[in-house]
Amino acid sequence: MRITKSEGGVGAHVDEVDLSKLTADQTAELDAAWAEHGVLFYRDQHLTPEQHIEFATRFAEVDINKFFKKVEGHPQIAQVAKEADQEVNIGGAWHTDHSYDLAPARGSILLAREVPPIGGDTLFANVADAYEELSEGMKTTLESLRAIHTNADVFGANTEYAKKTGDRIANPEGVSTVTHPVVVAHPQSGRKLLYLNLAFTRYFEGWTREESKPLLEFLYGHVSQERFTTRFAWQPGSIAMWDNRSTWHWALNDYQGHRRLMHRVTIKGEELTAA
Ligand code: SIN
């Protein structure tokens, strides 16, 4: 197995491995590389749904997504789909999965089943390096803050997003709102991370939305600078396995008129603690 750091701002490529036949030593090596690099990219892993779930559960129990349509016969696998005649994709803005849960998902393992002839790449950003580069004054301010995360205006009943995604999402009763520290310690590496994201973070606890907006916008702009990001182009059988605490991701929606179908297994994480 060969692990090579990506040329971008986050992630590593893993080659010469068959994820359906991993040894315990290889699993441990991948686990350590995952914590170090934030996202691991693989090619030509044509796993069956059962093998996909088996691979994910080597790292933690499955954390079933409450809103996405499931793969038939496999409730552990969420379908991230966009049909040729649909306009809105799933995950088309910087976000991290399940930050609206008290114990957000540790990671997501996305397997490409069908990809458009061109486009449909995913961007990833490194929120650990981005945090480190902030000034000491800004870090001190952020370390004293908590932020409100919610999915009510995304997955709630009759939201614009729900209307546009149609039957690809369901269960508006499952919405939740929680608070997390803004700077958290990564549970495996101990590194300090900026735990905020554009899709689900709304405001700082004790601040108004209006007061929060300029600082949130500054931080989103800071993290999404090119030097912190990597772009991954998919082929059928490609896998990206990302850490939802140390990275953000954004599924680009630049392939109108073509189908894109991905299978995602999300695994459980723990409640995050202030760094
Ligand atoms: C997601 O946000 O989980 C999906 C990412 C993608 O489809 O590239």
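## Basis of the model

Residue numbers start from 1 along each chain as its sequence is written. In this predicted model, local features need pLDDT of at least 70 and side-chain atom pairs count only at pLDDT 80 or more, while totals for chains, interfaces and linings use all residues; side-chain values use heavy atoms, with hydrogens and water left out.

## Ligand shell

Val80, Gly91, His95, Asp97, Leu110, Thr122, Trp242, His249, Ala251, Arg260 and Arg264 surround the ligand, each having a heavy atom within 4 Å of it. By class, four of these residues are nonpolar, four polar and three charged; Gly is counted as polar, and Asp, Glu, Lys and Arg as charged. Strands β15 (247–251) and β16 (260–267) each contribute at least two residues to the shell; strands are DSSP runs of E, at least two residues long, numbered from the N terminus.

Polar contacts are pairs of N or O atoms within 3.5 Å. The side chain of arginine 264 places an N or O atom 2.6 Å from a ligand oxygen. For histidine 95, the distance from a polar side-chain atom to a ligand oxygen is 2.9 Å, and for histidine 249 it is 3.1 Å. The protein covers 100% of the 260 Å² of accessible area that the ligand has on its own, as computed by the Shrake-Rupley method with a 1.4 Å probe.

## Sheet context

Eight strands form an open sheet of mixed pairing, in the order β1-β2-β3-β14-β6-β16-β5-β4; two strands pair if DSSP finds at least two bridges between them. At the edges, β1 (2–5) and β4 (70–71) each pair on one side only.

Within this sheet, β6 (residues 107–114) and β14 (residues 239–243) run antiparallel and are joined by five bridges. Leucine 110, a member of the ligand shell, stands opposite alanine 240 in β14.

Technical notes: Polar contact = N/O pair within 3.5 Å; in protein donor to acceptor, adjacent residues only side chain to side chain. Helix = DSSP H or I, 4+ residues; strand = E, 2+ residues; numbered from the N terminus.
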